[in-house]
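Good morning, and thank you for coming.

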Amino acid sequence: MTDSPINKQTFLYRFLVSSRYRIARHILLLLAVAAVSLNQNIYTYGAKAELLDHYVYLAGFCTLISYVIVGYLHLYLLVPKLLLKKKYLVYILYSTSSVLLLILIRYVQEYWIFTSSGIPPVRSSYFNIVSILDSLSDFMLNMICITGISMTVLLKHWMIENQRVNQLEKKQIQSEVDNLKEQVNPSLLFNTLNRTAVLSKSEPQKAADMVLQLSQLLRYQLYDGARDKVLLNSEITFVNNYLALEKFYSDSFDYQIVSDKELTGVLIPPLLLVPIIQYALKKAGKQECRPSILLQVDREGQQIFIICRFNDTDTPVIKELDGFKARLALLYPDSYSLSVTQDKDQEISTILLKLNTHGK
């Protein structure tokens, strides 16, 4: 399981989640528990510590053990079995009971130690208003401590679950990306082979040209499509071959590709332009007049502008490009923009894709 860059830079995340800090986490918990129990004993026996002798150490050890037992009871039983399974009422009931038990044990221990030593207890009574308020204060303090343990485990669980969800989302998007990379229309392959078989007898030269165009498409998809990056000029050549093959088959549209001379050396993910062309072909196929498609690729500094114009009488539906947008979000997070507009007077739609290649 890999961490995101943010998680790798966050010590708190590594400290709470990584197994290498497991011992350190337990040591920190034990130190916190020891500090709380020490504070309780100083408050209770501090004024008469010299008179109680070894009973003070015995009381401190018993208080520490009781806190450790209750703390690890929450850590390994109540939190995973109740809190993480959303049994909140039962968890609150058991947590409250464990804290009340801690307070009861401390009072019994305090009474026993003072009685065994023959020293008058600090409290004149355990049922007066002062003792009740003190017990309430102890209860709140201990609840905060126990809840702190639970919240730490809950935070760790949330971090792990959040990481797992992010990885699942990334895998899903990556799967969609792989599907998009293989999205050269299979019907085009079938139709081309079928058309080639028909033309092989009547127009053998045209059939040979179609097979050549198809072989170039498949070679690019098989070899270059498996890479992370390809030259933008190679991608444009592929799109040209793709449109040429479509035109070979149907000859129902015209197309033109215009590219900037400054594109040399620019790298982009393979088959990035295919969804745009397929969207344009789909829209152009619905036109009554002979449609035309214009693909223009320009560069201004680190910005790449990809413009596709085509005849379209229908209102553009941007949702049809959601899969394409998901791939762009994965490949160019916060460094791309995609828009689809329409000139209703001329019945022409325009897809504009801006890519920032800086650092890509």
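In which helix is Arg327 found? Arg327 is found in helix H12, residues 322–331; helices here are DSSP runs of H or I with at least four residues, strands are runs of E with at least two, and both are numbered from the N terminus.

Before I continue, a note on the basis of these values. This is a predicted model, in which local features need pLDDT of at least 70 and side-chain atom pairs count only at pLDDT 80 or more, while totals for chains, interfaces and linings use all residues. Residues are numbered from 1 along each chain as its sequence is written, and side-chain values use heavy atoms, with hydrogens and water left out.

To return to Arg327: is this residue buried or exposed? Arg327 is buried, with a relative accessible area of 2%. Buried means under 20% relative accessible area, exposed means over 50%, and partly exposed lies in between, using a 1.4 Å probe and protein chains only. The side chain of Arg327 reaches the backbone oxygen of Leu271 at 3.3 Å. That is a polar contact, defined as a pair of N or O atoms within 3.5 Å; within protein, one must be able to donate a hydrogen and the other to accept it, and residues adjacent in sequence count only if both atoms are side-chain atoms. The C-alpha atoms of Arg327 and Leu272 are separated by 8.8 Å, although these residues are 55 apart along the chain.

Let us now consider the chain as a whole. It has twelve helices and seven strands, and buried residues make up 37% of its 360 residues. Taking contact to mean heavy atoms within 4.5 Å, residues 24 or more positions apart account for 72% of the contacts with a separation of 6 or more.

Next, helix H11. Ten of the eleven residues of H11, residues 274–284, are buried, so this helix is largely enclosed by the rest of the structure. Among the buried ones are Val274, Pro275, Gln278 and Lys283.

The loop between H11 and S4 holds Gln287. Gln287 is buried, with a relative accessible area of 12%. A polar atom of its side chain lies 3.4 Å from the backbone nitrogen of Thr313. Leaving aside neighbours within four places in sequence, Gln287 is in contact with Asn311, Asp312 and Thr313.

I turn to the cores. In soluble globular proteins, nonpolar side chains tend to be buried together. A nonpolar core is a set of buried Ala, Val, Leu, Ile, Met, Phe, Trp, Tyr and Cys residues joined through side-chain atoms within 4.5 Å. Which residues touch the most other members of the largest core? Of its 44 residues, these are Ile306 and Ile351. The elements that each supply at least two residues of this core include H11, H12, strand S5 (303–311) and strand S7 (348–356). Beyond four places in sequence, the contacts of Ile351 include Ile276, Tyr279, Ile306, Phe310 and Leu338. A second, separate core of 20 residues includes Val36, Leu78, Leu102 and Val153.

Met210, in helix H9, is buried with a relative accessible area of 0%. Its C-alpha atom is separated by 6.7 Å from that of Phe248, 38 residues apart along the chain. Not counting residues up to four places away in sequence, Met210 touches Phe248, Leu245 and Thr192, among others.

Finally, the spaces. On a 1 Å grid over the protein atoms alone, a cavity is a set of points where a 1.4 Å probe fits but cannot get out, and a pocket is an open set with protein on both sides within 12 Å along at least five of seven lines; lining residues have an atom within 4 Å of a point. Grid points are joined across faces, edges and corners, and a volume is the space filled by probe spheres set on the points.

The largest pocket has a volume of about 650 Å³. Of its 25 lining residues, the closest to its centre are Leu29, Leu75, Ile149, Thr152 and Val153. H7 gives the largest share of this lining, ten residues.
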